[in-house]
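This report describes selected features of a single protein chain. The sequence and model are shown first, and the account follows.

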Amino acid sequence: MATAGPLPRTDPEVAPMPNHRFSPVSEEEPCCNLSKKAKIFLAILCVLFVLTTIAVVVGVLWGRLVPKPKEWDGNGTTPNFPEIVLGRCYIYTKILRPELSHKDCRKIGKAFMDAFLYKDPCSSTEQDYLPLLELTHQTVPCNKTLFWSKSSELAHQYTRVRQEMFTLENTLLGYIADGLKWCGDADTSEINYGSCPKMGEQCNDTVFVFWNTVSKRFAENACGVVQVVLNGSISNSFNKNSTFGRVEIYNLRPEKVPTLQAWVMHDIGDSSVSCSSSSINDLKLILSNRNIKFTCHDNYRPIKFLQCVKNPEHSSCSSLI
């Protein structure tokens, strides 16, 4: 029996060394193998990031630099002022007075904004509104001009019935601005919706200057016999400090307006007579010095009818029926 030889020694298996070859990366080859589209995309992202950062910084700085409009004691500009101006212009020129449909409402709206934006409301002048007046120029027929003082509601009730008659508010520009308020600020192009000066109180503000300017032009353009509705139920039916007393009567042209007729209206039930009052005599004297004839009527019958429509049962109205 043959004797077995010694068992061979069993060593653990050793993995053969891989044959790696190390070499430096070439400086001309990128470490990342990006496609051309990927590179463009990354470049765009970088540009957008930079622009966004700049925009944010500029926005923050701009917010700090833009001055706030000055604060006043009165209410601010009527909300949606530009839209109201444009809308009223279209209503007037396309519906109420289509003979004025050729007027350019967009130019009119821009001229209105230009008159007060970027300006201190207490530094407004008549010249600011002249471009607007030229764009809205309108001829009122002779003998059809109606002024009023402390009697706005009654005067406009009358012109709604007698549509051939014109108060200032029945003209294009008066219709657009009636009842609105507006102002800007010297340091910004923004409309001041927060506050504005109280009209004619804190200063001769832009609204006060506007109405003086358009009232002056309205009177200058009047011709023929003109009328004024005055309030006979107050102590001074003719007020020298009213727009009519300060502006309009002094801008009537005697060569164009031979006569002014005053219709002094009293509240229903008020039987006082005002045509002989001292304030009416003051009006008569002013017109006489300007060579304009003056006539006066207490409770002008056609307007009295309008008062009685609201008070048909009053005893003073029974004699009119």
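Glu 134 counts as exposed in this predicted model, because its relative accessibility is 51%. The side chain of Glu 134 meets that of Arg 217 in a salt bridge, with an N to O distance of 3.4 Å. This pair links distant parts of the chain, since Glu 134 belongs to helix H4 (residues 126-135) and Arg 217 to helix H7 (residues 206-221), 83 residues apart. Arg 217 is partly exposed, with a relative accessible area of 23%. Together with Glu 220, Glu 134 and Arg 217 are linked in a network of salt bridges.

The search of the whole structure finds seven salt bridges. Three of them are listed below.

| Salt bridge | N to O distance |
|---|---|
| Asp 114 and Lys 110 | 2.7 Å |
| Lys 310 and Glu 153 | 3.0 Å |
| Arg 217 and Glu 134 | 3.4 Å |

Lys 310 and Glu 153 form a salt bridge. This pair also links distant parts of the chain, with Lys 310 in helix H10 and Glu 153 in helix H5, 157 residues apart. Lys 310 counts as exposed at 55% relative accessibility, and Glu 153 counts as exposed at 53%. Asp 114 and Lys 110, by contrast, are four residues apart in helix H3 (residues 105-116), and therefore about one helical turn separates them. Asp 114 is partly exposed at 41% relative accessible area, whereas Lys 110 is exposed at 52% relative accessibility.

Helix H10 (residues 301-310) also has a buried side, as discussed next: Ile 303, Lys 304, Leu 306, Gln 307 and Cys 308 are buried there. These buried residues pack against helix H5 (152-161), strands S4 and S5, and helix H11 (315-318). Strand S5 (residues 259-265) is largely enclosed by the rest of the structure, because six of its seven residues are buried. S5 pairs in the parallel sense with strand S4 (residues 226-231) over six bridges, and Val 228 stands opposite Ala 262 of S5.

Ser 195 lies in strand S3 (residues 195-196). With a relative accessibility of 8%, Ser 195 counts as buried. Its side chain reaches the backbone nitrogen of Trp 72 at 2.7 Å. Leaving aside residues up to four places away in sequence, Ser 195 touches Lys 70, Glu 71, Trp 72, Gly 74, Asn 75, Gly 76 and Cys 183.

Phe 49 is part of helix H1 (residues 36-65), and its relative accessibility of 59% places it among exposed residues.

Backbone geometry is considered next. Most residues other than glycine have a negative phi. Asn 80, although not a glycine, has a positive phi of about 60 degrees; Asn 80 is in the loop between strand S1 (74-75) and helix H2 (81-96). Asn 291 likewise has a positive phi, near 65 degrees, and is found in the loop between helix H9 (278-289) and strand S6 (293-298). At 64% relative accessibility, Asn 291 is exposed.

Over the protein chain, there are 11 helices and six strands. Of the 321 residues, 39% are buried. Among contacts between residues at least 6 apart in sequence, 77% join residues at least 24 apart. The accessible surface comes to about 19,800 Å², and 57% of it belongs to carbon and sulfur atoms.

Note on methods
Residues numbered from 1 in each chain as written. Predicted model: local features only at pLDDT ≥ 70, side-chain atom pairs only at ≥ 80, totals over all residues. Heavy atoms only, no water. Helix = DSSP H or I, 4+ residues; strand = E, 2+ residues; numbered from the N terminus. Buried < 20%, exposed > 50% of the residue type's maximum accessible area, 1.4 Å probe, protein only. Polar contact = N/O pair within 3.5 Å; in protein donor to acceptor, adjacent residues only side chain to side chain. Contact = heavy atoms within 4.5 Å. Pairing = 2+ DSSP bridges. Areas by Shrake-Rupley, 256 points an atom, 1.4 Å probe, with all protein chains shown as cover. Salt bridge = Lys/Arg side-chain N within 4 Å of Asp/Glu carboxyl O.
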